[in-house]
Structures are given as C-alpha cells and as structure tokens.
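The following paragraphs lead through one structure, moving from a single chain to the places where chains meet. Please keep the sequence and the three-dimensional view at hand while reading.

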Amino acid sequence: MTTTDIPAPTARPKRPATAPKRRPKREHEGAAWVFLSPWVLGASVLTLLPMAVSLYLSFTDYNLFDPPRWVGLRNYTQMFTEDPRYWRSVLTTLTYVVIAVPLQLALALVVALALKSMRRGKAFYRSAFYAPSLLGASMSVALVWRAIFNDGGTVDNLLGTGGWVNKPGWALLAVALLTVWQFGAPMVIFLAGLQQIPAELYEAAAVDGAGKRRQFVSVTVPMLSPVLFFNLVLQTIQAFQVFTPAFAVSAGKGGPADSTLFYTLYLYDRGFVASHMGYASAMAWVLLLVIGAVTAVLFRTSRSWVFYASDTDGGAR
Amino acid sequence: MTVASTTAVRKPVRWSRLALHLGCLAALLVMLYPLAWLLATSLKPADEVIASLNLLPGHLEWSNYTTAFDGVNDVSIWRLLSNSLLIAGGAVLGNVISCSLAAYAFARLRFRFRGPLFAFMIATIMLPHHAVLIPQYIIFNQLGLVNTYWPLILPKFLATEAFFVFLIVQFMRGLPRELEEAARIDGCGPFRSFFLVILPLTRPALITTAIFTFIWTWNDFFTQLIYLFDPDKFTLTLALRSFVDASSQSSFGPMFAMSVIALLPIVLFFLAFQRFLVEGMASSGLKG
Amino acid sequence: MPGHRTKGFCASAAALALCAVLAGCGGSGESVGGGKTVLRYTWWGNPDRAERTQQAVALFEKRHPNVQVQTSFSGYDAYKQKLAVQATGGDAPDVMQLDYRQIDQYASGGVLLDLAKQKGVLHTAEIDPGLLATGRVDGTQYAIPQGRGTETVVYDVKTWKASGVPLPRQGWTWSDWAGAVRELAKKTGKPGATDPGQSEDAFEVWLRGRGKALYTKDGGLGFTADDLTEWWTFADKLRREGAVSPAEQTTQLDGSVENTPLGRGKAVSDFNWDAPASGYLALIPDGVALAPTPSGEDGTPGQYFKPSMFLGVSAHTGHPKESAELVDFLLNDQDAAKILGATRGIPVNETIRERTASQLKDFDKTVADFQSSLEGTLKDPPQAPPSGDNALQTTFQRDYDQVSYERMSPREAAENYVTEAKAELRS
C-alpha cells in the first residue's frame with residue numbers, strides 16, 4: 001500500500017473513461033442470470049404482473065366487486081381538474097417530504113457519527129436510539145403520540161403551545177416528528193456503512209498528517225457516500241408514500257380539516273373506503289411517475305458526489 | 001476505531017467524550033419518554049389512561065395484561081410465538097439469500113439490460129403497495145396459497161423487497177474491484193468470488209438486512225391479516241392486535257399492554273443480534 | 001435466452017391475472033376436512049363475543065356431526081379490510097358477519113347468496129318485518145339482521161343532575177335539546193354535548209324527524225343542500241356559543257369512547273349507539289344514563305331500531321344448505337341464544353328477545369330496558385344505504401371539519417357535500 005491511494009476516494013468517478021473499457025467484459029453474462037433468477041421470477045410474477053393490472057385498472061371504473069369498466073383517461077382528468085382534495089393531498093405530502101426527510105437523515109447521520117467515535121457504551125446507545133423504531137407505527141404508538149401532542153399533553157405543558165394533533169396548522173408537524181423520532185433504520189444503515197470503511201484508509205491518512213477533520217472530509221464522506229445516497233433515495237421514496245404514521249395519528253381520517261390527508265392516505269381512502277379502485281390506481285401511477293422523476297434527478301446528481309470504490313480504475317493502486 | 005490520533009493530548013479528549021455522552025443521554029431522555037409513557041399507561045386503570053396527566057399510574061392495573069392475554073386464549077401463546085418466529089425466520093433467510101444474489105449481479109457483473117432492469121427494480125419500490133394488494137391476493141388465491149405461510153415467505157425468497165437489493169448493491173459497490181481481480185488470478189469464477197470474497201465483506205449490510213427483515217416482518221400486521229384465516233396459523237402480532245376491538249369496549253389499557261407484549265420478542269431479538277452489527281469490515285480485516 | 005423465456009412467461013401470466021380480475025372469479029371455499037363439510041365463519045368483535053360464539057359454534061357442531069366450522073375474527077376495522085380483499089379475490093368466507101353499510105355493495109357485487117333459496121332451513125318468521133327488510137336489496141333477502149341497536153343521547157348522570165337542568169325526557173325536540181346543552185354549558189362550564197354536526201348518524205335522526213331520509217328508495221340523495229345547510233348552521237351556531245364541543249375536541253373522535261369529549265371529561269353528553277355506551281362506565285365512575293334522541297318539532301321521532309350487524313352467506317359457497325343452517329342456528333336456536341346473550345346487540349328473534357330479557361345483567365339490561373321503553377313509538381328503519389354511503393360518511397365529517405375550523409360557511413360546505421354525494425351515488 002502506498003500513500004497515493006488516499007486521494008483516490010475524493011477523485012471523481014471517471015465513468016465515461018472507464019465504461020468503454022468494461023463493456024466487453026460480459027463473459028459472466030450466464031452467471032449473472034443465475035444470480036438474478038430468483039429476482040426475475042419474483043419481479044415478473046409478484047411485482048410486474050400486479051403493476052400491470054393496476055395500470056390497466058387506472059383506465060377503468062372499478063368498484064372492487066363488479067368487473068372493471070374502461071373509461072380511458074377519465075380518472076386522470078378528474079384527478080387533475082375536478083378534485084380539490086387531491087391537490088390538497090399533493091401539497092400536504094410535498095410539505096411533509098421537505099420537512100421530514102432532511103430532519104430524519106441529519107439526525108440519523110449525526111447520531112451514527114457520534115456513536116462511531118465512542119469507545120464505551122456504543123451498543124447501549126445504538127439499542128436505545130433504535131428502540132422507538134422497533135415499535136413501528138401501530139395503533140398504540142398513535143395513541144401515545146396523540147396524548148403527548150394533545151392539549152393538556154406533555155408538549156403543551158412544557159412549551160405552552162396548546163395541542164398539535166388537533167390544529168390544522170400543526171398536525172402535519174406532529175406526524176413528521178413521529179417519522180423523525182423513528183430514525184433507527186437510516187442510523188443503523190449509516191453505522192454499517194461507517195464500519196465498512198477500511199481502517200487502513202484512516203491509518204494511511206493519519207500517516208500523511210491528515211487531522212480528524214481532514215480525515216472526515218477525505219475518507220469518511222466519500223466512503224460513506226453510497227450509503228448516504230441509499231438513505232436519501234429510500235427515505236425520499238418512503239416519505240412520498242407516507243401512510244402509516246398519518247393513518248394511525250388521525251385514526252385514518254387525515255384530519256383535522258384534511259391537514260394530514262397525505263397522498264397515499266387519500267389513495268387508500270378512494271380505493272378501499274370509497275371503493276373507487278380505478279381512481280386509486282390512477283393516483284398510484286401518477287405518484288410512481290413523480291417519485292420516478294425525483295429519483296432520476298437524485299441519481300443524476302449522484303454522479304458528481306457519490307463515490308464507488310468499484311468504479312475506480314483497478315490500476316490506480 | 002484504530003485511528004492513532006487519540007494519542008494526542010489526553011485531557012481535552014476526555015472532556016469532549018464526557019460532553020458526547022451527556023449529549024447522547026439528554027437526547028435519549030427525550031427519545032425514550034414516549035416509550036416510558038407507553039409502558040406506564042399499559043399499567044393504568046381505564047379512567048386514568050387518557051384523562052390523567054401523571055406519567056405514573058395511580059395504582060398498578062395488572063389486569064390490563066391478563067385481559068390482553070385472555071384475548072388469545074383459544075390458541076396458546078407459544079403456538080403464536082412459534083408461528084411468528086417461523087415466518088420472520090423464513091423471511092430473514094429468504095431476503096438475505098435472494099437479495100444478496102440479485103445485488104451481486106447488479107453491483108458487480110455485466111449483463112444485457114442491466115441499466116433498465118436496475119431502474120425497474122428501483123421503480124418497484126415506488127408504487128404504493130395498496131395499488132398492488134388486490135392483484136397480489138388474486139395471484140396467491142389462484143395458486144391456492146391463501147391461508148398458508150407461502151404468501152408471507154415466498155416473496156422474500158424471490159427478492160421482491162427491492163429495498164434490500166438496493167441496500168446490498170450500495171455496499172457491494174463500495175468494495176474495490178481489485179478484490180475480484182485478485183480472486184480471478186487465483187482461479188475463482190463469479191460464484192466462488194461471490195461466496196468467498198464479496199459476501200464476507202458485505203456482512204454489515206447482510207446483518208442489517210436480517211435485522212430489519214425480522215423486525216418489519218414481525219410488525220407487518222396487514223399482510224398477515226389478509227392472508228391468514230385460521231386462528232391456529234395466526235402470529236403473535238396478528239392475534240394480539242386483531243383481538244382488541246376498539247369500537248366495542250373500553251380497551252385502551254389492554255391495548256397498551258398488548259403492544260408491550262408484542263414488542264418484547266423483537267426487543268430481545270434486537271438486543272441479541274445488534275452486537276453483530278459491530279463486527280464489520282474493520283475487524284474482519286481487509287488485506288488489499 | 002433467459003430474457004426471452006421471462007418475457008413470454010410474463011405475458012401469459014399477465015393475461016391470466018387480468019382474466020382473474022375481469023371475471024372476478026376465483027376459488028371458493030370448497031374444502032372438505034376428513035369427510036366433513038367445512039364451513040368458514042368470520043365476524044368482528046371482542047374476546048368476550050369470541051368466547052361465546054365459540055361455545056355456540058361447538059354446540060352447532062355437536063348437532064351437525066358432519067359439519068366442521070372454522071371460525072376467525074378480528075377487530076372491526078381490520079375485519080372490514082380483510083373481508084373486502086377476500087371478497088374481491090373471490091374468496092369470501094361461507095358465513096360472514098356484515099355491517100349495514102356493506103350490504104348494498106356486497107349484494108350488488110354478487111358476493112352474497114339469495115337467502116330466500118334456503119327458506120327450508122333458514123326461518124325468519126319471528127323477526128320484525130321492518131327490521132328484516134333492512135337486509136333486502138332490490139327485493140332480494142341477502143342478509144339477516146342479527147341484533148339491533150339504536151342511537152342514544154348518553155350523559156354523565158351526576159353532572160347533569162347537579163346542574164339543575166331538567167333531565168332529557170321521551171319525545172323531547174331538537175330545540176329542547178339545544179336549550180338543554182346551552183343551559184348545561186352555562187351551569188357546568190363545559191359544553192353540553194359533542195358537536196353533532198360531524199355525525200352523519202345524528203343528521204339522519206334530525207332528517208327523519210322532519211319526515212325526510214338520507215337516501216331515497218332508489219338510492220338517490222334524500223335531502224337537499226338547503227337541509228344540510230340548516231343542520232350545519234344549527235350545529236355551527238351552538239359550537240360558536242360554546243354549547244357543544246369545539247373543533248379541537250370534536251376532531252379527535254375515532255370511534256372509541258375514550259376519545260369522545262364525554263369520555264375525556266370535556267362534555268356532559270354524547271351521541272352514540274346504545275351498546276358501545278357501556279364503555280363509558282369505566283371512564284365515568286358515577287355512571288351514565290341513556291336518553292332517546294330528540295324528535296322533530298312536530299314530535300316525529302327520528303330515532304329507529306337499526307340492525308347492529310347482519311349475517312350473510314357467500315354466493316360462491318359450496319355448502320349453501322349447511323351455511324344457512326348455521327345462520328338459522330345462530331339466530332333462532334334457544335340454546336344458542338342462551339349462550340350468546342346480548343353480545344351482538346339485543347336479539348332480533350322476538351320470542352328469544354322476550355325470554356332472554358330477564359336473564360340480562362348489567363349494561364345489557366340497561367340497553368334492553370332502554371330499547372323496550374322505545375318499543376312501538378318508532379318508525380321502520382330505512383333500507384340498507386347505497387354503496388356510495390361508505391365514501392360519504394367520511395366526506396360528511398370532512399366537510400363539516402371545514403365548517404368547524406371556520407374555513408367554509410355551512411352553505412359552501414353543504415353545496416360541496418351535495419355535489420360530491422350526487423356524483424358518488426350516480427356511479
């Protein structure tokens with residue numbers, strides 16, 4: 001090992017340069033399909049097939065009981081032009097994504113970094129910080145949340161803000177805090193990512209005279225970037241689909257005054273409560289396209305900040 | 001951490017560590033308050049559950065717990081527990097195997113349509129699951145698998161949880177390519193390098209996958225509710241949650257007790273397995 | 001090439017699933033266990049109901065040694081979701097407990113069996129014809145009511161008595177009620193009742209008191225935007241005066257007694273169904289009492305006996321006769337009735353109701369006494385609501401939220417509701 005491999009992580013992945021080189025390496029094509037075979041089977045039968053059905057249903061009027069009736073684009077036009085509640089749910093969801101995702105990721109990252117630098121008590125803290133996430137978002141969590149954020153509840157007593165869950169302007173924040181509170185999953189993923197960074201890189205950096213801060217910037221950040229990217233993409237997707245916390249906290253109603261009627265909550269309401277499965281399917285596909293677009297943008301930007309060790313030129317070392 | 005920088009000045013380091021611990025403890029106090037509330041409320045009598053502001057119950061109402069257990073008296077609690085363990089265990093096995101196989105192909109092998117297939121895999125996470133719920137049910141019903149554990153376990157063996165495929169892909173892409181090249185010089189094909197080189201180094205991701213799968217499967221009330229009919233086949237989560245009917249009686253106390261009971265096994269599981277998270281690549285030793 | 005094979009497989013599998021959805025077909029519960037006929041029977045309820053049902057079913061199995069009954073139950077919300085998925089997947093249980101609001105949808109969707117075909121084993125002679133008719137859709141008997149309940153004004157006895165406001169009496173009108181809650185608020189310092197504006201059920205009682213109904217006989221909307229505006233203006237005014245609960249309290253209603261203003265100690269009375277009102281006893285130690293709901297100004301009662309739940313048989317069952325026998329047993333058998341008591345509401349079989357009345361205890365007796373005090377004064381219940389009602393129930397509450405949080409006037413919200421209701425009922 002030489003000191004030259006320290007700058008390597010910060011170097012940008014030279015994708016255009018390396019891609020042509022790798023192209024011809026399809027010698028393991030057969031092996032690849034063997035590795036993929038369970039996924040191919042599952043993705044086609046259990047995922048693609050139901051997706052195709054729901055795409056078809058989005059062009060129909062389907063009440064779950066009678067056969068679907070083809071209506072062309074009517075569900076889509078109705079959604080965009082005749083349903084003010086739909087647009088309210090879009091706005092609510094966007095607000096939530098913007099609040100919850102950065103907060104949760106920042107908290108998870110800060111705690112993971114703090115735990116990493118700890119020598120004692122790491123296991124204890126990790127378990128304790130993960131504990132809220134063990135609960136999921138069940139009925140009882142919702143009741144706890146409502147009791148704490150109700151008028152006369154703990155938060156009201158401490159801050160004098162009155163209840164949150166029963167005020168239209170505040171309820172969304174209470175739901176977002178429930179998600180942020182359960183930051184265990186991204187935290188554990190960050191920790192796993194931190195552990196995977198080879199100690200040699202830090203040693204080599206220290207030998208080069210890099211201080212703690214420098215090590216963080218030139219080793220931790222690039223080496224953690226694939227995991228950071230994973231968490232960002234997945235938390236964003238999940239935030240767009242937020243359902244359980246809002247369903248639980250508002251008892252399925254999305255109240256007060258529709259202030260926590262998130263997109264998927266409204267979708268569920270249309271599909272399973274009002275039995276308009278065609279309409280709900282159309283909503284699902286619009287959501288898929290929106291999330292797809294957002295994710296595509298994230299992937300595009302990732303080229304400039306996510307570092308994959310496997311993409312660097314093998315000869316550099 | 002093996003970084004040598006801690007050999008520097010001693011005193012400030014110790015103070016900063018103390019501050020770190022104090023900060024973490026303060027954060028924990030806030031974070032764990034709702035859990036304390038849940039635990040305390042599970043022991044409160046009915047008239048105190050919502051109305052009382054005190055964290056501690058006026059007197060301990062153990063009957064909440066006996067009531068929660070009464071709900072499941074048709075099926076023994078051990079039966080429910082072993083059903084839950086079977087499903088969660090099967091799911092863990094399935095996810096770890098199938099997701100790491102698929103991830104290896106996506107992360108480190110070249111094949112036709114890799115880009116589009118990867119995009120499709122990510123897209124499968126994006127469609128809200130309520131939209132595909134009924135088609136999936138119809139498929140399993142056509143296959144005659146409703147009221148068996150197959151709908152709960154089989155999808156995991158077919159890598160349908162793209163979340164974990166993507167997770168493992170990200171970890172595998174973080175490993176330097178020379179690893180396989182070295183292995184290839186030693187005469188390893190893709191299968192041997194997968195098992196002997198890549199898999200051991202992806203351990204943190206695999207353990208994360210295992211732990212999340214276990215917890216999420218354990219808590220997945222809805223799928224279990226839809227696919228299981230026989231009370232004999234019920235899981236602990238399903239039995240406890242579906243037996244409390246909020247609309248027909250005053251039942252908040254028992255409901256809280258029930259969530260505490262349902263929580264215990266996964267707490268124990270997490271405590272038992274989280275220590276494996278510690279041993280990552282740093283300790284397994286990467287010799288480039 | 002694996003890719004090609006996959007594509008072909010995909011296409012054929014997709015075709016298969018589309019067919020399944022289009023035809024709405026699917027396997028039926030044609031299961032036979034050890035030479036016995038196996039019936040699947042599901043209901044929603046609590047552990048007490050489960051235990052008694054289990055005993056009754058065991059007795060049924062003893063009487064019919066060739067039949068084995070597999071039972072399964074869950075809480076109401078979970079049950080509704082599960083049954084919807086099962087029914088859609090063509091996999092509904094042989095015998096199922098149904099809610100008033102499910103009947104129309106399940107019947108017109110072809111999920112339910114015409115029970116008249118099983119007249120030989122399923123007897124309905126001892127059920128009040130008006131009540132029995134609620135299980136009929138387009139003249140066909142798809143479901144049989146299994147118990148009955150009614151709306152009630154449930155109140156905190158001690159607080160109400162201490163306030164000196166005259167207690168509710170039979171035949172009181174909505175203006176009597178409004179006067180009472182105003183007085184209560186003045187004397188006790190807390191709202192006299194839950195804001196009834198959000199409740200479609202309370203609105204229905206009010207409408208019936210004026211000789212109207214939520215839905216017409218052919219499933220259209222039975223009232224106009226003017227009616228609804230008047231109702232919401234009435235509730236809105238009381239709320240602004242502080243006579244009924246404020247929006248921040250009302251919004252927390254979630255079906256449990258704990259989260260009603262009365263259950264939280266923030267109001268003196270509540271609109272609720274009679275049987276679930278037993279939940280208040282644990283929360284209000286000094287006890288609650290049941291009063292009839294207010295009548296129209298000319299004395300027309302809006303209150304009615306409503307089937308609290310139904311039993312239906314799957315149209316795809318392989319064993320219609322045995323299923324009907326089980327339904328008959330649960331409704332009409334003396335021994336079954338003894339075991340079941342009032343766990344599903346006061347029994348609908350009139351002979352059984354009279355015989356079991358004396359055996360009822362505690363709150364069951366309170367409910368039975370309350371119901372018998374109303375006997376003979378009420379009008380027939382409406383037929384089962386059209387399937388669009390499932391959506392409208394939440395819309396009703398949502399639109400009123402806009403009024404109670406003062407984002408819309410009663411008129412605007414009512415116009416919104418009526419527009420949506422008309423669209424919903426047309427489809």
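A residue is called buried if 20 or more other C-beta atoms lie within 10 Å of its own, exposed if 12 or fewer do, and partly exposed in between, with C-beta atoms placed from the backbone. Helices (H or I, at least four residues) and strands (E, at least two) are DSSP runs, numbered from the N terminus. The model is predicted: local features need pLDDT of at least 70 and side-chain atom pairs count only at pLDDT 80 or more, whereas totals for chains, interfaces and linings use all residues. Residues are numbered from 1 along each chain as its sequence is written, and chains are lettered from A and ligands numbered from 1 in the order in which they are written.

In helix 2 of chain C, the buried residues are C:Pro47, C:Arg49, C:Ala50, C:Thr53, C:Ala56, C:Val57 and C:Phe60. An α-helix has 3.6 residues a turn, so residues three or four places apart point the same way. This helix runs over residues 47–63, and its 17 residues should span 24 Å at 1.5 Å a residue, the expected span being 1.5 Å times one less than the number of residues. Its end C-alpha atoms are 24 Å apart, in agreement with that value.

Chain A has 14 helices and two strands, and 53% of its 317 residues count as buried. Two residues are in contact if their C-beta atoms, placed from the backbone, lie within 7 Å. Of the contacts in chain A with a separation of 6 or more, 70% join residues 24 or more positions apart.

Within chain A, helix 10 (residues 199–207) and helix 11 (residues 212–240) pack at an angle of about 160 degrees, with axes 10 Å apart. Axes are lines fitted to C-alpha atoms, for helices over the stretch in contact, and angles run from 0 to 180 degrees between N-to-C directions. Helix 10 of chain A is therefore roughly antiparallel to helix 11 of chain A, since angles under 35 degrees count as roughly parallel, over 145 as roughly antiparallel, 65 to 115 as roughly perpendicular and the rest as oblique. A:Leu201, A:Tyr202 and A:Ala205 of helix 10 make the contact with A:Gln215, A:Ser218, A:Val219 and A:Met223 of helix 11.

The contact between chains A and B takes 86 residues from chain A and 83 residues from chain B. Helix 2 of chain A gives the most to the chain A side, with 19 residues. The axes of this helix and of helix 6 (residues 129–142) of chain B come within 8 Å and cross at roughly 120 degrees, which makes the two helices oblique. Among the residues that meet here are A:Val45 and A:Leu49 from helix 2 of chain A and B:Val132 and B:Ile139 from helix 6 of chain B.

A nonpolar core is a set of buried Ala, Val, Leu, Ile, Met, Phe, Trp, Tyr and Cys residues joined through C-beta atoms within 7 Å. The largest one holds 286 residues, of which B:Ala102 and B:Val165 touch the most other members. Helix 2 (residues 29–57) of chain A supplies its largest share, 14 residues. Beyond neighbours within four places in sequence, B:Val165 is in contact with A:Trp39, B:Cys99, B:Ala102, B:Ala103, B:Met121 and B:Ala159.

B:Asp47, in helix 2 (residues 46–49) of chain B, is partly exposed because it has 19 C-beta neighbours inside 10 Å. Leaving aside neighbours within four places in sequence, B:Asp47 is in contact with C:Ala282, C:Leu283 and C:Pro285.
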